[in-house]
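Please consult the sequence and the structure while reading.

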Amino acid sequence: MNGLQTLNLRNGRFNVKYYREGSGAPLVFLHGAGGLPAFTPDLEALAKHFAVTAPLHPGFGTSGEENLHEDVLALTLYAWDLLDALGIEQPILVGHSFGGMLAAEMAALDPRRVKKLILVAPAGLYLEGCPTADFFAMMPDQLVRAAFFDPGSQLARAFVELPEDKRMAEEVMIQRVRGLGAAGRFLWPLGDRGLNERLYRVKAPTLLLWGEGDRIIPAAYAEKFRELLENSAEVKIETIPQAGHLVLMEQMEAATHAIVQFCAR
Amino acid sequence: MQIGYFTERPYRWVPEEELFRNQAYFAVSNRFFDRQKGSDDYNYYLDENCYAEELGFDAVALNEHHGTPFCMGGVMNVEAAILARITSKVRIVLVGNPLPVIKHPLRMAEELAEIDLISRGRLVAGWVRGAGSEQFFNNANPAYNREMFNEAHDFIIQAWTRPGPWRYEGKHFRYRHVNPWALPYQKPYPPMWIPGVLSLETVKWCAEHRYPYVGLGTAVGPTCDLWDFYADEAQKLGYQAGPENFGYLIPTFLAETEERAQELGRGFVYGGGQNAFSRPEHTLPPGYNSKEAIRRLAKAPGGSWLGVSADKLRQGKEGRGDENNYDEVRQKLLVAYQKAQQAYQLIIGSPRTVLPKIKTLLEVLRPGIFVTFAVQGPVSNKDRMTSMRLFAQEVMPALRDYAKEIGLRDPIERTPGSVPIASDVSRVPVVERGPLAALGLR
């Protein structure tokens, strides 16, 4: 993959792959269960304002997921260890979906260290009567219908299309399944892994950014997060129209603009 | 040779349209469960297993699935415990308990010990990882499926063999006081036969543990490959594999006439049959398969047990065709029904036509364990029992003779893994591929 850098963490237990581009205040982007196939346009946009670091999670290109046994604390400590090793002290943490849950966990574990917290359609809570979609029980076409506001868009079709080359297609299929499997280590049990009991610890000003038409984690979850983030210096909810769960992809300009604006305050 | 009887204990009363509408058995709403019919069926299937004993089968085999009318055995140990008491001769073979799904190996050790004790040593324990849908039903994390399988198995062996009390702290299971009072009747513990469908990892694991591997209706050619792989692994471990290391379970239905058998045998594709066990999204949850297994699946198209196939993996992308034209679906199923018979994946007919087919399977695959899998779908109790009787009276005696003639020793006669072999000699073949080409099978 282009532009990927490598770092050995904890005596080679993790061979971390990450992107680093741009300059300015340090911003760490934590990707969702779909992985991060490239330094995507939304990250390019953010890199115009920030020094963006976007690591691939264990199982998504970074090795060592077997060392993180179903334990959210182990994953959270791993993520902080990584930032220590990268010398990132006071990051703006941006996390999408699964990465949003991880960002929230990080901010709860070490609240003084997060400058701003931006949760983009984060996983991690359970709202009675409004369950999140079980994306582990979806085939690629179903996933696209659920994840995109406009499943017919070119963006959505490109997301599900396999490369022409059979071998490449095979690799893409394997990567997808592997990535979901890796996320499943932490998300499979479904719903809340205890985040609701820890969110009170978050101090950082927090932006809850949602696609209005999110069918994976409905926008109603934003209120639940706000309610539980009782000690955050500030909680702002911003809902982006014409966007689903992949809001950063579907409404790239509006979404990244919201992030930049929130960080400028 | 051990000859066994197996049925999924299907719940036969869900309208086929509902199965088509749901595109699978798994996840059909339980509002279609009729308590009276369910009660009748559970009792009937227990009686059916007693009838198998009466007819001279050596074993009755049970399995377990959850949340599906395909198989009513949601808690197979309950049925096994009853059979332990109401039968007196047959082996009670479990194919098998889904260890990673049940997630309580100490309790499992206790249950099976009780069953073995009540049956006075007739239990054959078997283990499975559980189908993909089981992981959803039980919220069992597929990422840890194989780890949990291995750990639970190793723990149960310890629980049965190491005098307690002792403390156990594993990765997935922890017990502060391991001391199951009841230990199995058989010493040191019941034999284990392991059913499987496609996983090389499971075959390797069986070879390492010297457990018979029971192919669940696996396609004949690939089964030969799989058993050669087992035998090669066995040789690395210093033993010659033989019929005692292999079992084969195959859908079988008989009637007095060919026409009647063909008509009723269609029950095997009722609602889509095995290929409609679960929808693609429930079949292979992410993390369930190793990287190598995903690679194999991605490469090898074609149907297999419980509908796991590369086609299914890709189905999501290519769409599902017209889901509402059930006549068309039925026509396709009839074609599949004929094809499966040509490929020896369904054995259907009168005793006269069924016998040579099974003999061919025995000749090629050389299993020490042979199990018939009873028809699915809305076939009456009477017709089910006729099929059993015809098989037992008109096919089984000839099969026993034939098995003896070609030396199909079973795992009771010869302990699997007990024939030593050096690593530098050529091993005895475990399959006979000769007849495959003429049958159009590979």
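## A proline in strand β11 of chain B

B:P251 belongs to strand β11 (residues 246–254) of chain B; helices (H or I, at least four residues) and strands (E, at least two) are DSSP runs, numbered from the N terminus. With a relative accessibility of 1%, B:P251 counts as buried. Buried means under 20% relative accessible area, exposed over 50%, and partly exposed in between (1.4 Å probe, protein chains only).

Apart from its neighbours within four places in sequence, B:P251 is in contact (heavy atoms within 4.5 Å) with B:F268, B:Q274, B:Q345, B:L346, B:I347 and B:F373. The C-alpha atom of B:P251 is separated by 9.9 Å from that of B:Q341, although the two residues are 90 residues apart along the chain.

## Basis of the description

The model is predicted: local features need pLDDT of at least 70, side-chain atom pairs count only at pLDDT 80 or more, and totals for chains, interfaces and linings use all residues. Residues are numbered from 1 along each chain as its sequence is written, chains are lettered from A and ligands numbered from 1 in the order in which they are written, and side-chain values use heavy atoms, with hydrogens and water left out.

## Strand β4 of chain A

In strand β4 (residues 50–55) of chain A, six of the six residues are buried. A:F50, A:V52 and A:A54 point one way from the strand, while A:A51, A:T53 and A:P55 point the other way.

Strand β2 (residues 14–21) of chain A runs antiparallel to β4(A) and is joined to it by four bridges; two strands pair if DSSP finds at least two bridges between them. A:Y19 has A:A54 as its bridge partner in β4(A). Strand β3 (residues 25–30) of chain A is parallel to β4(A), again with four bridges, and A:V28 has A:T53 as its bridge partner there. From β3(A) the chain crosses through helix α1 (residues 41–47) of chain A to β4(A) in a right-handed β-α-β crossover; that is, with the strands pointing away from the viewer, the path from the first strand over the helix to the second runs clockwise.

## Helix α8 of chain B

Helix α8 (residues 200–209) of chain B has as its buried residues B:T202, B:V203, B:W205, B:C206 and B:A207. Their cover includes α7 (145–161) and α9 (220–236) of chain B. After α8(B) comes B:R210, whose phi is positive, near 60 degrees.
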